[in-house]
Amino acid sequence: MTNLNERQQKIAETTDGIVAVDAGPGTGKTHTIVQRYLNILRKEVAPSDILLLTFTNNAALEMEGRVKSEMLCSSADADASAVRSSTFDAFCLRVVMESPETVKEFFKTKETLTRNARLVQNETIDQEYFRNVYTRFIRRYGHIYGNIPAIVGTSASDVYDVIQRLMAIGIAPTHDEGWFGRSRDSLFGDTEKLIEKLSKNTERANVRYSAAANDLPPDRRLDEVTGEMIKEAANDPRALLLRFINGVYYEYIRSSISDNRLTFGLNALFAFIILYSSKRVRKMMSFRYVMVDEFQDTNELQFMISLLILREPNLCAVGDWKQGIYGFRYASVDNMIHFRERLAEMTRFLNKGEKRVVPFDGEPVSLPLTENYRSSQTVIDAAFRTLRCRARKDETIDTAYLDANVTQLTAFRDHGGYTHAERLHAETYDKEKLAILQRITEYVTDPRYRIPVYDADGNIIRDRQPEYGDIAVLCRANKMCIDIKNEADRYGIPAHLQGDVSIMDTREGKLVLAWLRYINNRTDLRGPVTILADSGYTLAELRAMFPRHGVPCIPDGMERHRETLRTKRRRINDLLTSIFAYHGLNNDITQSIISTISSTHSGSMLTISEMIGLIETDMKRGSRYNVDAPLDGRSVMIQTMHKSKGLEYPIVIVGGLTMSKMPLDKHDDSVIAFDPLYGVRLKNDYVVTGKHHKVFKCWKWNIIDSLPPDRDEERRLFFVALSRARQYITMTCFGTKPSYFIRDVCDGEMTDTDPILEKRERTVTAAVNERPSVPGYEPRMNRISLHDIMGAYEESGGGKGADHGIRVHKDAQRIMSGMIPSVSDDETRYIRKIYDSLKGAEILTETDCSLPMKDTVIAGRIDMLAIFKDRVEVHDFKTDMNRDNEPRYRIQMSVYAHAASSLGKPVVCVIDYVSQGISVTVEPIGIDEIYQRIASFAGG
């Protein structure tokens with residue numbers, strides 16, 4: 001084989017059997033997997049017999065694209081269109097849709113899950129759903145469970161979190177109050193191991209126990225923790241508590257089946273149960289070869305699913321436990337660390353009573369990659385030292401274990417010696433932010449910093465000054481990401497914010513909430529007060545405008561804008577765009593908010609009041625959504641550490657390395673917890689003392705909670721952050737308590753910094769007016785939805801409903817991306833036929849477009865754009881059973897045609913009636929006629 005090193009070639013040639021690949025950062029794992037795939041094809045294995053599994057659509061598409069490209073370049077004698085790649089979520093949904101009736105049979109419910117089940121993708125909506133189920137359950141059955149409902153109270157979200165964790169490890173309730181799953185024993189925990197750990201930790205336990213004495217029951221306020229107390233705490237029976245969790249869990253499943261709804265957790269659990277229960281489905285969904293990328297991000301359930309779909313014992317698990325950073329999503333790095341042991345345990349469990357997993361001869365093979373093609377040795381060494389960083393002063397790191405289990409990497413190139421890892425310390429948080437901006441400026445202006453440029457053979461041909469697009473700023477907390485982005489904007493440094501961010505907690509999110517409150521209820525003054533405060537009004541001015549016992553003085557322009565927004569209540573995308581336009585906002589966060597709320601609204605038909613409730617819940621929980629910044633290569637990328645995984649940059653600046661911030665010191669105020677070490681536990685206790693009934697802290701939990709928190713995942717997160725860098729690393733902190741992470745990661749002293757950038761504060765007048773003058777409302781460029789000018793939908797068109805249309809469009813996007821649709825029917829087969837007819841074109845799907853028209857912009861979304869050398873084809877998929885609505889569709893296609901004409905090629909408009917199996921080419925109407933429709937809409 002060419003261009004593979006010795007270890008890569010060994011992996012590529014090991015095509016059969018159970019293989020675990022330890023692939024550290026920058027070791028060329030994707031290229032190696034692709035070459036392994038080609039070697040499997042050379043054994044006359046069809047692409048349809050090989051499955052590539054990963055976790056994100058982008059990763060699945062990238063892997064599939066690489067494989068297809070290599071197949072074409074190598075002239076592989078196989079059909080590239082038959083390559084199969086999928087996310088775990090998409091694959092599990094296919095399994096569930098194949099046999100939803102098996103779910104009913106397993107749980108023995110009266111209700112039946114159908115193939116029309118919808119997948120709820122918003123966590124907040126699902127938590128609200130669970131809260132309703134939980135409340136009904138408590139009202140109906142709470143009296144059965146003694147004092148437990150009084151202890152748990154209204155903490156439905158805590159119970160929800162426990163149930164999600166149980167799903168992830170494959171534990172499910174049965175109809176007879178029993179439990180199903182390999183890890184059922186973990187419900188009670190590992191008592192012997194727990195006692196051993198607590199007995200070695202009595203000093204810390206005494207300190208924690210005495211500090212919380214006043215919150216404990218009176219008869220348990222002791223001076224020190226005894227051995228008998230430890231045993232009693234570890235052996236707490238908890239039978240009634242587990243019956244309670246079982247009952248709520250089962251009711252949640254039963255209710256979800258009844259309502260024909262799936263979540264990501266239920267989707268995976270049901271898929272596992274179907275594969276476990278149905279030999280027919282296992283055979284239908286099986287493959288001769290399965291390769292799983294990012295295996296450290298799998299949970300126990302996904303590991304077992306991977307085994308159940310093997311037609312032959314050929315599994316390749318590729319991952320790096322050092323990059324396992326998704327424990328909060330219930331992923332388990334132990335799947336990678338203890339791969340051999342878990343493989344044996346899971347196989348025994350799955351084959352109990354019936355052979356479900358094909359037997360394999362011998363032992364699994366472990367193959368590491370050891371050469372890093374990304375980073376300098378300086379960067380690699382700094383990254384690996386993160387695994388030995390203490391989280392606190394008295395923590396002891398098991399260095400012997402690390403020496404035995406960490407695969408060390410060596411650098412393939414030294415980048416011309418242009419490399420360093422440095423640490424900066426600032427006095428305050430504000431100065432740390434400015435120090436980061438100053439460091440960015442130095443990287444792009446100081447001639448000492450250079451980026452080598454390589455030729456095709458890997459030789460340096462020249463070097464250049466770093467640019468803004470070479471730099472990433474990574475932070476543990478999304479708040480710091482937002483703060484740095486705002487500072488960068490203030491000082492003229494081009495920067496984009498990207499990552500999982502608490503978008504509802506930003507200025508943009510708070511403005512949306514304020515306007516929704518104002519739209520929904522004029523008397524809810526939290527809305528207009530927030531809006532005006534954001535516009536720069538002082539507290540004194542606001543008090544004058546909103547007297548305690550008087551009529552509020554709201555600016556006329558703002559009130560008129562409210563009335564305009566009220567007309568858009570049912571067009572949530574247009575509503576949100578208009579809110580942001582009023583404030584002149586159009587950035588990464590606004591786009592993320594519009595996308596998140598629009599998809600949530602359209603999927604559940606929420607009212608404005610319900611939407612307000614969901615945003616408030618997101619704020620309370622700190623729910624995070626993706627902010628997808630454009631990768632223009634000319635701006636600094638600001639990301640959370642989690643979001644940076646899988647990426648690389650010449651320069652990485654890691655900020656916020658201060659005690660309690662990194663590692664993050666989370667305050668857990670939940671009332672119920674679960675961990676395989678100690679099982680399911682209540683943190684509070686219901687105690688009767690005399691005539692008084694009171695909830696105290698549970699003394700048993702207080703002893704268990706004295707165990708030092710596990711900070712390994714935080715160390716791995718630090719590892720991920722530093723290993724993104726190719727050449728330069730800068731780490732920053734502030735104040736008198738730098739994190740031990742930044743202290744231990746390098747030798748020597750940190751550099752104190754006092755940035756010279758001057759902070760420019762916004763100034764506002766402090767004048768107080770009884771009734772301040774308010775600027776009038778200035779007309780802005782109108783932005784309207786394309787559907788506003790298309791006219792009313794003709795019901796005679798025989799449409800199949802919005803849900804069906806959404807499903808078809810999602811399947812169309814999957815087909816155009818080379819993936820497998822969720823269902824196979826005449827509609828998806830016709831879409832496949834259309835796709836196959838467009839060979840040679842660049843295909844763009846779900847493309848946003850805007851058509852400026854004098855003082856108005858028409859916004860729409862093109863289903864599919866096929867760009868040929870000589871023309872552009874615009875396609876729109878319709879599920880109508882006749883052509884009654886074609887006149888309004890012609891208007892839609894005309895807007896698309898005029899927008900696509902900016903590509904400088906003739907545009908052909910095609911309406912694809914996928915339910916009828918016909919495609920119709922339409923002639924677009926002129927610009928003047930479109931503008932007349934805009935004028936008619938505005939006049940109406």
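Start by selecting Glu44, which is exposed, with a relative accessible area of 74%. Keep in mind that you're looking at a predicted model. To find your way around, look at the loop between α2 (29-41) and β2 (50-54), where Glu44 sits. Now check its backbone: Glu44 isn't a glycine, yet its phi is positive, about 65°.

Next, jump to Lys108, in the loop between α5 (101-107) and β4 (118-119). Lys108 isn't a glycine either, and its phi is a positive value near 55°. Is Lys108 buried or exposed? With 53% relative accessibility, Lys108 counts as exposed.

**Stop two: a cis peptide bond**

Select Met662 and Pro663 together: the peptide bond joining them is cis, with omega at about 5°. You'll find Pro663 in the loop between β20 (649-655) and β21 (672-675).

**Stop three: the cysteines**

Now pick Cys475 and Cys481. How far is the sulfur of Cys475 from the closest cysteine sulfur? The gap to Cys481 is 4.1 Å, too far for a bond, because a disulfide needs the two sulfur atoms within 2.5 Å. Cys475 is also buried, at 0% relative accessibility.

Cys733 counts as buried, with 0% relative accessibility. By the 2.5 Å cut-off, the model has 0 disulfides.

Methods:
Residues are numbered from 1 along each chain as its sequence is written. This is a predicted model: local features need pLDDT of at least 70, side-chain atom pairs count only at pLDDT 80 or more; totals for chains, interfaces and linings use all residues. Side-chain values use heavy atoms; hydrogens and water are left out. Buried means under 20% relative accessible area, exposed over 50%, partly exposed in between (1.4 Å probe, protein chains only). Helices (H or I, at least four residues) and strands (E, at least two) are DSSP runs, numbered from the N terminus.
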